[in-house]
Each structure stands twice: as C-alpha cells, then as structure tokens.
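Q: Please take a close look at one part of this model and describe it carefully. Then set that part against the rest of the chain, giving the cut-offs behind each term.

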Amino acid sequence: AGGARGGQMIAVSTTTVKRQSFADRIEVLGVAKGRQSVSITSKNAELITAVRFRDGDRVRAGQVLVDLQGTEQDAAIDQAQSVADLAKLNADRWNTLYQRGIAAKSSADQYNAVYAQSNGALAAAKARRQDRVIRAPFAGVVGLSDVAPGALISPGAVIATLDDVEVMRVDFDVPDRYLAQLKDGTPITAKSDSYPTENFDGTIS
C-alpha cells in the first residue's frame, strides 16, 4: 500500500532462518603405508631348505616362511632327547624304590634333579633349532622375493618384505594454522590415484 505521504510501494519477501553447519576443508597430499612393515632376514648364514610362501601371499602371524638347514641342531635334539629319556627311566626307578622304602629320598631327589636338568637341555636344543625356522612376526602380505631352496642366505640379507595392510597409515603435512583444530579421532577421508572412485575413511592419530 502507499505510504501516508504518497511514498512508493516496497516489495518485501520473507524466508525461514535455518541452521547450517560450516566446516573448513583442508586438502593435502600424503603417503600411504602399511600399519607395520619389516624386512625378513636370517640371523645365521645357512642353506635354505624350503620356501613356504609365494610372492604376494597373505600370511598369519607365526607362520613359517623359510626353513634353513639344521642338521647339526637336529642331531643335538636327538642326543638331548636320548639323555632325557634315560634320565626319566632312572628317576622313575628311584622314585619307585623310595616309595617302597628301599632307597633313600636323597637318592631319588638326585635322579629327579638329573631328569629336570636333561629336560632343560632338551628345551635349549629345541630353541636352537627354532633359529633355523623363519616365521612371520605379524600377519600381513609378503612382497617379492628371489630366494629358493638350495640358496645360501647371509646374516642380515633380506629374504622378503612383510607389510600389514589391513589398516593403512597415511602420513601428511598440515599448515601450522590448522594444528589447533586437529585432534586424535578427527575424521578424515582419503583418496588414492589407484582407486579414483573410492573414498577411504579414517581418523587422525
């Protein structure tokens, strides 16, 4: 309507006020890595007798990857086992004699101690044999390898790499002015050139 003094008409429109969230978006470049990564090596210079994986295999934690020649260690186990078996026979015999009142307890205790000592020696021999078996320290994917049965492996030489890729870690730099806004657990979304149509959700750690 016109104003009392002949003013012009003014068109007025109304709208509903709505709450809307605003967020700063930061885009940065990063490098994706496995959660854990290790180079599998040997502590000993020895011949490889068996390779129990193929390139790209997904392996379990503790799974045997490579067997090394252990002839000397096998012989040591056999010898320690024979000593332990004999010690057990003697201990059992003297324990029976003691229980029947024929032998003194000190004699039975002496043979029991020898038996316990022989079991310790057997366990040590088996532990040394384990040095000839190389296992996966954690579950993951084995990389490329060119080792084969009959090859001589040197101490520290890389047999294969092992990567835990169930959870990926992405390392990236952030401008200083955003550091105060980033906290543990802040959600992020990652993209990879290898999978251009996929988004990978994660959190800041």
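A: Gln63 lies in the loop between strands S3 and S4, the latter spanning 64-68, where helices (H or I, at least four residues) and strands (E, at least two) are DSSP runs numbered from the N terminus. The model is predicted, so that local features need pLDDT of at least 70 and side-chain atom pairs count only at pLDDT 80 or more, while totals for chains, interfaces and linings use all residues. Residues are numbered from 1 along each chain as its sequence is written, and side-chain values use heavy atoms, with hydrogens and water left out.

With a relative accessible area of 17%, Gln63 is buried (buried means under 20%, exposed over 50% and partly exposed in between, with a 1.4 Å probe and protein chains only). Its side chain reaches the backbone nitrogen of Arg60 at 3.0 Å. Once neighbours within four places in sequence are set aside, Gln63 is in contact with Arg52, Ile134, Arg135 and Ala136, contact meaning heavy atoms within 4.5 Å.

The partner of S3 is S6 (residues 140-142), joined to S3 in the antiparallel sense over two bridges, and Arg58 has Val141 in S6 as its bridge partner.

Elsewhere, the structure holds two aromatic pairs, counted where ring centres of Phe, Tyr and Trp (its six-membered ring) lie within 6.5 Å, with planes under 30 degrees apart called stacked, over 60 edge-to-face and the rest tilted. The rings of Trp94 and Tyr111 have centres 5.1 Å apart and planes at 5 degrees, so this pair is stacked. Trp94 in helix H1 (residues 71-99) and Tyr111 in helix H2 (residues 105-130) are 17 residues apart. In the other pair, the centres of the Tyr195 and Phe200 rings are 6.2 Å apart and the planes stand at 75 degrees, so it is edge-to-face.

As for the whole, the protein chain has two helices and 10 strands, and 23% of its 205 residues count as buried. Its radius of gyration is 35 Å, whereas a compact globule of 205 residues would have a value near 17 Å (taken over C-alpha atoms, the globule rule being 2.2 Å times the number of residues to the power 0.38). Along the principal axes, the C-alpha atoms fill a box of roughly 135 × 50 × 30 Å.

Methods
Pairing = 2+ DSSP bridges. Polar contact = N/O pair within 3.5 Å; in protein donor to acceptor, adjacent residues only side chain to side chain.
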